[in-house]
Amino acid sequence: MEKLIFYFFAAILLFAATMVITVRNPVRAALFLVLAFFTSAAIWLMLHAEFLAISLVLVYVGAVLVLFLFVVMMLDIDLAPLKEGFTRYLPLGIVVAALIVVEMITVLNAPQFDVLPVESMEESNTKMLGRLLYTVYVYPFEIASVILTVAIVAAITLTLREHKRKLQDVGKQVAVRREDRIRLVNLRRDKQKGEETP
């Protein structure tokens, strides 16, 4: 029964991933990507990788992909150039996809990536991951967080533009006199002067 469920989710994942790269509407591609992420999370749950499944749903589906979907829907994208370039780059895409498949098969068949049976695990996957992150890999983890923070601050600094702002001087506003701001004009006198002038 477990194999049937796995093959069912795997078939949905392959279908959704194929539709992401073949469909020509970017909004539909984003929706198929949501389906692919949810199906991957279900497969990870079957492999007892609860932390990875929940982080995939929360981070990618809940934040990144929703933001991408809103941006795509708000932009007026011309689909004609996308349709033209699809067949031109199809052979190169097939070659790259074949190379990626060969690399994944080579890496996953290596002996150091053998999956331990669930019965041999004494504690949950999330607990083991947290223990590794905050004991063995605490310095690389902290260095990565500092680098990400510096990158965010640098991106904000580079995109920040200085605007010339008009600042108010309250002292000058209070000390202003009526004669400096208002000029009274007598329309009748100005009109008569204009008629008298040749």
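Trainee: Why is Phe-15 called partly exposed?

Mentor: Phe-15 has a relative accessible area of 46%. Buried means under 20% relative accessible area, exposed over 50% and partly exposed in between (1.4 Å probe, protein chains only), so Phe-15 is partly exposed. This is a predicted model, in which local features need pLDDT of at least 70 and side-chain atom pairs count only at pLDDT 80 or more, while totals for chains, interfaces and linings use all residues. Residues are numbered from 1 along each chain as its sequence is written, and side-chain values use heavy atoms, with hydrogens and water left out.

Trainee: What makes Phe-15 and Phe-32 an edge-to-face pair?

Mentor: Their centres are 5.9 Å apart, with 85° between the planes. Rings of Phe, Tyr and Trp (its six-membered ring) pair if their centres lie within 6.5 Å; planes under 30 degrees apart count as stacked, over 60 as edge-to-face and the rest as tilted. The pair of Phe-15 and Phe-32 is therefore edge-to-face. Phe-15 lies in helix H1 and Phe-32 in helix H2, 17 residues apart; helices (H or I, at least four residues) are DSSP runs numbered from the N terminus.

Trainee: Why is the pair of Tyr-134 and Phe-141 called edge-to-face?

Mentor: The ring centres of Tyr-134 and Phe-141 are 5.4 Å apart and the planes stand at 75°, so this pair is edge-to-face. Tyr-134 counts as exposed, because its relative accessibility is 52%, and Phe-141 counts as partly exposed, because its value is 31%.

Trainee: Which residues make up the largest nonpolar core?

Mentor: The six residues are Phe-37, Ala-41, Ala-53, Leu-56, Val-61 and Leu-65. A nonpolar core is a set of buried Ala, Val, Leu, Ile, Met, Phe, Trp, Tyr and Cys residues joined through side-chain atoms within 4.5 Å. Helices H2 (26–46) and H3 (50–74) each give two or more residues to this core, and H3 supplies the largest share, four residues.

Trainee: How do you know that the span of H2 is close to the expected one?

Mentor: H2 has 21 residues and reaches 30 Å from its first C-alpha to its last. The expected span is 1.5 Å times one less than the number of residues, which for H2 comes to 30 Å. Among the buried residues of H2 are Phe-37 and Ala-41.

Trainee: How confident is the predictor in this chain?

Mentor: The mean pLDDT (the predictor's confidence in each residue, from 0 to 100) is 76, and 75% of the residues reach 70 or more.
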